[in-house]
Amino acid sequence: MRVRAPGKVNLFLTVGPPGGDGYHPLVSVFQALSLGEEVTARLPGEGAELRLTVEGLHADRVPTDESNLALRAARLLAEHAGVDAGAHLHVRKGVPVAGGMAGGSADAAATLVALDVLWDLGLSRTELADLGATLGADVPFTLLGQTAIGSGRGDVLTPVLAHGTFHWAMAVRSDGLSTPEVFAEFDAPGGRGPAADGTVAAGDGDRGPGALDAEPDPVLLQALRAGDAALLGQRLHNDLHGAALSLAPDLAEVFAVAQDGGALGAVLSGSGPTVAVLARDAAHARALGAVLLGEGVADDVLYATGPVPGARLLVDSAPGA
Ligand code: C5P
């Protein structure tokens, strides 16, 4: 079974104070991107072992021990369904590692979908999402795909209507940022407050630790409905911007070069350090990518469009195909 699951960009992210479990309540608008992960699952030749191999982008930085999200997803599903079948999982990475684009969550989502079919379990998407949410906050969104508002930890999802296709140049750094460290920096005294892009850091609507009374920017939602990339570019927002830039100050240059280069907008993806640069069309994205690389502010640039569907079985691998 071969399953593709998308990476994501947060078009909008507002973060509240952490609750007792350490997690931060958030309100986000996610868009699933054409940069994705592919997981192939096969029954093992003999025995019931779980085996994992990884290739592709930054593969050498992916842990292959028990902390790996694809393996954890497989173990969780086996335990939940009471199966002892084993599998060989092969992950082909297209999403930067530790880039704030949910690559690990996409591996978990793709693994759940692939093994559900391989092991003939017949679980619903809701059941898979509930299981996935215990592995990582972004797993339910990579299962759902398209464009959605996420609340709670980012795992309570409401689909959003979006027209057209948006074109992105994703400025990638070879050294990732740790999501827990960025959230810790956000919590540090002086770590909150207005984001560096001048917008007011949400949290204004806090109800106290673990709660966040916030709505996504209505103008941003209107831009998505209308397929208006120029308006969307003006309304991109991420509350973690200041925290990520205090850990990686030279990220500021990516934003400056994107703006000078005529981008419609730019936003830190999730907890970074990937910066998503919005373009008018595919050619404009390539031109912006060339400027980012030419100025030496990105280690790599990947091109993506969104929205795209969530984790899905590739047709040529479907049972009976
Ligand atoms: O759920 P996920 O594994 O993606 O989260 C990684 C870490 O990021 C968590 O352990 C937590 O420290 C932080 N996090 C958070 N609030 C969220 C999502 C993640 O504090 N809503």
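These exercises work through a predicted model of one protein.

Residues are numbered from 1 along each chain as its sequence is written. Local features need pLDDT of at least 70 and side-chain atom pairs 80 or more, while totals use all residues, and side-chain values use heavy atoms, without hydrogens and water.

**Exercise 1. Count the helices and strands.**
Start with the rule: helices (H or I, at least four residues) and strands (E, at least two) are DSSP runs, numbered from the N terminus. The protein has ten helices and twelve strands.

**Exercise 2. Find the largest nonpolar core.**
First, buried means under 20% relative accessible area (1.4 Å probe, protein chains only). Of the 321 residues, 53% are buried. Next, a nonpolar core joins buried Ala, Val, Leu, Ile, Met, Phe, Trp, Tyr and Cys residues through side-chain atoms within 4.5 Å. The largest core holds 33 residues. Leu-77, Leu-89, Leu-115, Trp-119 and Leu-143 touch the most other members. Helix H2 (103-118) is among the contributing elements. H2 gives the largest share, nine residues.

**Exercise 3. Look for another core.**
A second, separate core has 30 residues. Ala-171, Phe-183, Val-257 and Val-275 are among them. In soluble globular proteins, nonpolar side chains tend to be buried together.

Technical notes:
Buried < 20%, exposed > 50% of the residue type's maximum accessible area, 1.4 Å probe, protein only.
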